Amino acid sequence: MRWIRGAAAWAVGLWFASALALDRYGATSVPRGTYDAVVVAGAGVRPGGVPSATLVRRTHKGAGLVLADVAPRLALTGGVGDWGPAEAIVAAELARNFGVSPDRIVMETRSRNTEGNAFAIREVLGEARVLVVTDHYHAFRCRRVFARYFADVDVVGVRGALVPRVWGALREVAAVGWYGWTGRLGPRS
């Protein structure tokens with residue numbers, strides 16, 4: 001029985017260490033030069049079309065990068081989740097409020113997950129050098145998934161509030177494992 005408790009403690013410790021490593025990976029990512037587009041990974045919309053804090057944070061960072069001329073276009077991703085409208089539509093309104101001109105915004109409104117974000121925005125952008133904006137803990141998987149659709153991908157992470165960040169990072173460990181198991185992590189970039 002003692003070895004079972006020891007193995008369980010070791011597994012929980014490894015899970016937490018992996019979550020911390022994923023969060024640190026995104027914290028150290030920085031843009032390298034200029035890009036064809038800054039892509040904002042989709043995030044939830046609350047009832048009444050209210051953007052989640054995550055969507056606001058990601059869109060604010062993406063808009064700031066476009067306004068700093070890191071890329072000429074802001075590409076917004078995300079379809080309708082639990083509540084409408086589509087994440088990309090809500091993000092577009094935010095981006096305009098942050099000062100991004102509507103003619104610099106492109107979007108896809110049908111994806112429901114990271115893989116869908118990459119696939120659908122590739123159809124919009126074609127081959128492009130992209131900088132993807134997402135949360136720290138999501139940066140590793142985002143980079144690897146987007147690398148399946150784009151030859152040149154960088155990722156920049158944004159930092160969220162502590163409790164949602166911890167839960168997100170713990171969930172992300174499972175997501176990375178699942179994506180790896182199902183062969184949906186692209187080449188290292």
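Of the 25 residues in the largest nonpolar core of this predicted model, Val 38, Leu 55, Leu 65, Leu 74, Leu 76, Val 100 and Leu 131 touch the most other members. A nonpolar core is here a set of buried Ala, Val, Leu, Ile, Met, Phe, Trp, Tyr and Cys residues joined through side-chain atoms within 4.5 Å, and buried means under 20% relative accessible area, exposed over 50% and partly exposed in between, with a 1.4 Å probe and protein chains only. Two or more residues are given to this core by each of strand E1 (37-40), helix H2 (53-67), strand E4 (73-76), helix H3 (87-97), strand E6 (129-135) and strand E7 (152-158), and the largest share, six residues, comes from H3. A second, separate core of 19 residues includes Val 39, Val 130, Val 132 and Ala 139. In soluble globular proteins, nonpolar side chains tend to be buried together.

Because the model is predicted, local features need pLDDT of at least 70 and side-chain atom pairs count only at pLDDT 80 or more, while totals for chains, interfaces and linings use all residues. Residues are numbered from 1 along each chain as its sequence is written, and side-chain values use heavy atoms, with hydrogens and water left out.

The chain has six helices and seven strands, where helices (H or I, at least four residues) and strands (E, at least two) are DSSP runs numbered from the N terminus. Along the sequence these elements follow the pattern α-β-β-β-α-β-α-β-α-β-α-β-α. The radius of gyration is 17 Å, close to the 16 Å that the globule rule gives for 189 residues, so the chain is as compact as a globular protein of that length; the radius is taken over C-alpha atoms, and the rule is 2.2 Å times the number of residues to the power 0.38. The C-alpha trace spans about 65 × 35 × 25 Å along its principal axes.

Of the 189 residues, 47% count as buried. The chain exposes about 9500 Å², of which carbon and sulfur atoms supply 61%, with accessible areas taken from the Shrake-Rupley method with a 1.4 Å probe. Among contacts (heavy atoms within 4.5 Å) between residues at least 6 apart in sequence, 72% join residues at least 24 apart. The mean positions of the 24 positive and 15 negative charges are 9 Å apart, where Lys and Arg count as positive and Asp and Glu as negative, His and the chain ends not being counted, and each charge is placed at NZ of Lys, CZ of Arg, CG of Asp or CD of Glu.

In H3, Glu 87, Ala 88, Val 90, Ala 91, Ala 92, Leu 94 and Ala 95 are buried, and the buried residues of H3 pack against strand E2 (45-46), strand E3 (50-51), H2, E4 and strand E5 (105-107). Leu 55 touches, among residues beyond four places away in sequence, Ala 43, Gly 44, Val 45, Glu 87, Val 90, Ala 91 and Leu 94. Seven of the eight residues of helix H5 (residues 139-146) are buried, so H5 is largely enclosed by the rest of the structure. Those buried residues are Ala 139, Arg 141, Cys 142, Arg 143, Arg 144, Val 145 and Phe 146, and what covers them includes helix H1 (2-27), E1, helix H4 (114-125), E6, E7 and helix H6 (162-181).

Some backbone details also deserve a note. The peptide bond from Gly 84 to Pro 85 is cis, with omega near 0 degrees, and Pro 85 lies in the loop between E4 and H3. Ala 86 is placed in the loop between E4 and H3 and touches Gly 78, Gly 79, Val 80 and Thr 109, not counting residues up to four places away in sequence. Asp 69, in the loop between H2 and E4, has a positive phi of about 60 degrees although it is not a glycine. Just after H3, Gly 99 takes a positive phi of about 105 degrees. Most residues other than glycine have a negative phi, and most peptide bonds are trans.

The table sets out the accessibility of selected residues.

| Residue | Relative accessible area | Class |
|---|---|---|
| Arg 5 | 56% | exposed |
| Asp 69 | 52% | exposed |
| Ala 86 | 5% | buried |
| Trp 181 | 72% | exposed |

Arg 5 is found in helix H1, and its C-alpha is 44 Å from that of Val 50, 45 residues apart in sequence.
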